[in-house]
Amino acid sequence: MRTWLFDLAFVVLLSQAFLAQADTPQPLLGDEGDGSRAIPVHRIPLLDEGGIAITPDDEPLVPFSPRQTCAKECHSYSTIASGWHFNALDAESNPGRPGHPWIYWDARLGIQIPLSYRAWPGVFSPDEIGMQPWEFILRYGRHLPGGGIGEIEEGPQSEKLLRWMVSGQLEINCLACHNAAPEQDQSEYATQIGLENFRWATAAASGLAFMEGSARAMPDTYDYLMPDEVGDPKLTPPTIQYQSTGFDPKNRVFFNITRTVPNERCYFCHSSFQIDSDHPEKWSQDQDIHLTAGLRCVDCHRHGLDHTMVRGYAGEVQSSTNPLAFVSTCEGCHLGQGNAAFPQHGRFAAPVPQHAGFPPIHFEKLSCTACHAGPWPGESTQQVKTAMAHGLGIKNSDKSPSALPHIMTPVFVNGDGGKLEPHHLVWPSYWARFVEEEIVPIPTETIRAAFESITSSTAEWQDGWQTLPEETLSAILSVLAADPAEPRPAYISGGKIWQQEQGQLVSQEHPAAAPYTWPVAHNVRPAAQSLGARGCEDCHSVDAPLFFGDVQVDSPILSLRDTTVNQVAFQDTSGTYLNLFALTFAFRPLFKLFLQGCTILLLMLAAVFLFKLTESALAWIQKTMDRQ
Amino acid sequence: MALQTWTLFVVSSVTFLLFFTGFIIPLFSGAPLTHVALLLHLALGGLLAAALVFLGFLLGGDYLPPYRQPAEGDLHAWLRLGIRFCFWVMLLLALPLLSTVTLSMNPWIRTGLMPTLLLAHQVTAFLFSLALVGFVTLFFLSKTRNEETES
């Protein structure tokens, strides 16, 4: 009996062990390195969405799927998909400090609103403005690396379900970063997204294939595996052709894959361009000093297979699983950790800063970036265009300096840990309703209908906006308030909330109208161009831009055009104190002289005292010796 | 005598305020000296420096050596010696007290040295305050005793 029980227990344990092993994904071929820093040559077959190898003679030719081609046997897709660039939708992922949002804008409707699927304070989820994943991809897929929202499976109730089936999912585009071939064309990728050719976009951008046609033009019943003749000869179904020379005799293709992603790949999504009338061209603006010194973006922004990329900010270490989270910060490279078991500073030959003459309180009150990053602050903020916000790098991007959205920079804000740091800032403008004292944005379609219902012959364009005179604003609010069943409407813009009270348009400050800001980490300027390099007066003067510069208010409302707010309004300190403190620096040289004068006079007194003391001591010794 | 008393009053009250802004406020707030307290501390520091120089020249001549060893039981002589000792200790401590501030305002001082200067400033400030308390106490004891003797 006892033996039988032991046998049974053994069998149960063994089966449990097998089941556990089956649940744990086994590492794939490329998941674990052997330590070699050489790059494996990627001469591999192209696999379609079904995992079947593609040959140049296939009929019809289908696009290769990165999920299959890269991940079927070599790199665990689900592990990679948990990485920073793909996990915005994952409620379990840590959003970290606020970052660059997507910005939805409509110049005619007076809308400029920061969006993100991440839970950053001050941003709205696209759902909140009625933007479905389909529309999100169409609008922002141009600068998305695929995955995440691109692979969301919308339910059968979705209006776009059939369109998703026609266009396919937007899988993670591994090549967007890892393809070192100069043919990699992310602009083409953006074009294909616009044409709704989601499943074709990666192949079309890779330089291995050419695309024609558009899924957008195809009916809901279109099946790319059985492309029937389309009735209208003007409509071209999405058709892919591979380069005839791309395949070797074994029907494999060569991908120029690199681990050390070139800066230019990062730049496609992470470029920013200062709108500066003195330096209107990108060649006249310097790039980050680290890049000039020879570093690459990925030297600091590193990750392993899970793509949990180091973002590089000081507080990241508290939440990141990346072991390099601390040493990849400014302090990590330049100073190291004081109590570390071995020296950590000096990575990448980072110089240890001297900061001669800087009282240590500066390091408690300021982040490194406050003095070293972003544009040199001027009397007024500048505007910056970014790839994500302005679609830089894609065909037909708006090159006008006034193109929406309007991002102001640098704005000095108390960020992580209360330290002052430079931020980009966007003033939200949107239409909303008070729902139980909460401000809830009104879907764009409702606003569009309200605008169409009023005639605005006096509409004037200024600085990228169709201006909104207060009469028009009142009229729109009246239209939105027409249905008494709907909560009270309001318009948020320029840091204020505008609403009608007893037939009058009134505005007031409101937390919901607060601007959204996110830290500027680049471009880092050299030490000689950092705040304080010319002396204390860079910051401690009554007109120092850091505290007393103007932040432009951006709004389509006519009465708010050309208004500004002081930088100090965004800081946890008093402007009066800063003014007083700055004034002391005018007297500082005199004060130093005065103290030095006092010290010299006291020194003279002390010298006389010591002389007399010595004299009397010697006299006493002499007297004592004489007695003896 | 009135001038001496007034000067001592200024030095004492300014030192008290400096002690309050420099030690008590940071102790209770847990933060380094900043904002209005810092401005007040700096302004009062200048005033103290001037008052100390004035006091030094006012009393220094009288308090210079040589000193006689007080006779046993001559409390008045001991008091006078104590006053002189505290006076010169105070003035000697004022030198590092002021120079740590003037040095830290110079851009050629490395940031790493600044916490050391601050510590030196705090230590000398504390000792200076003790010496001043001793000086003022002995000064007024001596003055009271003189008045009692005269009456």
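This is a predicted model: local features need pLDDT of at least 70, side-chain atom pairs count only at pLDDT 80 or more; totals for chains, interfaces and linings use all residues.

Helices here are DSSP runs of type H or I with at least four residues, and strands are E runs of at least two. On that basis chain B has four helices and zero strands.

Read along the sequence, its pattern is α-α-α-α. The C-alpha trace of chain B spans about 55 × 25 × 25 Å along its principal axes. Chain B has 151 residues, and 43% of them count as buried. Among the contacts in chain B between residues at least 6 apart in sequence, 76% join residues at least 24 apart.

I turn next to the interface. The contact draws 33 residues from chain A and 35 residues from chain B. About 3100 Å² is buried between the two chains, and carbon and sulfur atoms give 80% of that area. On the side of chain A, the residues that lose the most area to chain B are A:Leu602, A:Leu605 and A:Phe609, which together make up 21% of what that side buries.

How many salt bridges are there between chain A and chain B? The count is zero. Polar contacts, however, join four residue pairs between chain A and chain B, with both residues at pLDDT 80 or more. Two elements of chain A give two or more residues to the side that touches chain B, namely helix H13, residues 361–365, and helix H19, residues 575–627. H19(A) gives the most, with 22 residues. By residue class, the side of chain A that touches chain B divides into 21 nonpolar, eight polar and four charged residues.

The buried residues of H8(A) include A:Arg199, A:Trp200 and A:Thr202. Just after H8(A), A:Gly207 takes a positive phi of about 85 degrees.

Another buried position is A:Thr69, with a relative accessible area of 8%. A:Thr69 is found in helix H2 of chain A, and its side chain reaches the backbone nitrogen of A:Leu47 at 3.0 Å. Leaving aside residues up to four places away in sequence, A:Thr69 touches A:Ile44, A:Pro45, A:Leu46, A:Leu47, A:Phe64 and A:Phe255.

Some backbone geometry deserves attention. Most residues other than glycine have a negative phi, and most peptide bonds are trans. The bond from A:Glu59 to A:Pro60 is cis, with omega near -5 degrees, and A:Pro60 sits in the loop between strand E1 and helix H2 of chain A. A cis peptide bond also joins A:Leu404 and A:Pro405, where omega is about -5 degrees; A:Pro405 is in the loop between helix H15 and strand E9 of chain A.

As for phi, A:His307 has a positive value near 55 degrees, in the loop between helix H11 and helix H12 of chain A. Is A:His307 buried or exposed? At 16% relative accessibility, and with buried meaning under 20%, A:His307 counts as buried. A:Asp463 has a positive phi near 50 degrees and is partly exposed, at 34%.

Finally, the salt bridges. Over all chains, a search of the whole structure finds 13. In one of them, A:Asp220 pairs with A:Arg163, the closest N and O atoms being 2.7 Å apart. A:Asp220 lies in the loop between strands E4 and E5 of chain A and A:Arg163 in helix H5, so the pair ties together parts that are 57 residues apart in sequence. A:Asp220 is partly exposed, at 39%, whereas A:Arg163 is buried, at 11%.

A:Glu486 and A:Arg433 form another salt bridge, with the closest N and O atoms 3.6 Å apart. A:Glu486 lies in the loop between helix H17 and strand E15 of chain A and A:Arg433 in strand E11, so this pair ties together parts that are 53 residues apart in sequence. A:Arg433 is buried, at 9%, while A:Glu486 is partly exposed, at 38%.

In the salt bridge of A:Arg534 with A:Asp538, the closest N and O atoms are 2.8 Å apart. There A:Arg534 is exposed, at 65%, and A:Asp538 is buried, at 7%. Lastly, A:Asp106, A:Glu445 and A:Arg448 are linked in a network of salt bridges.

Methods:
Residues are numbered from 1 along each chain as its sequence is written. Chains are lettered from A and ligands numbered from 1 in the order in which they are written. Side-chain values use heavy atoms; hydrogens and water are left out. Contact means heavy atoms within 4.5 Å. Buried area is the accessible area (1.4 Å probe) that two parts lose on being put together, summed over both. A salt bridge is a side-chain nitrogen of Lys or Arg within 4 Å of a carboxyl oxygen of Asp or Glu. A polar contact is a pair of N or O atoms within 3.5 Å; within protein, one must be able to donate a hydrogen and the other to accept it, and residues adjacent in sequence count only if both atoms are side-chain atoms. Ala, Val, Leu, Ile, Met, Phe, Trp, Tyr, Cys and Pro count as nonpolar, Asp, Glu, Lys and Arg as charged, and the others, Gly among them, as polar. Buried means under 20% relative accessible area, exposed over 50%, partly exposed in between (1.4 Å probe, protein chains only).
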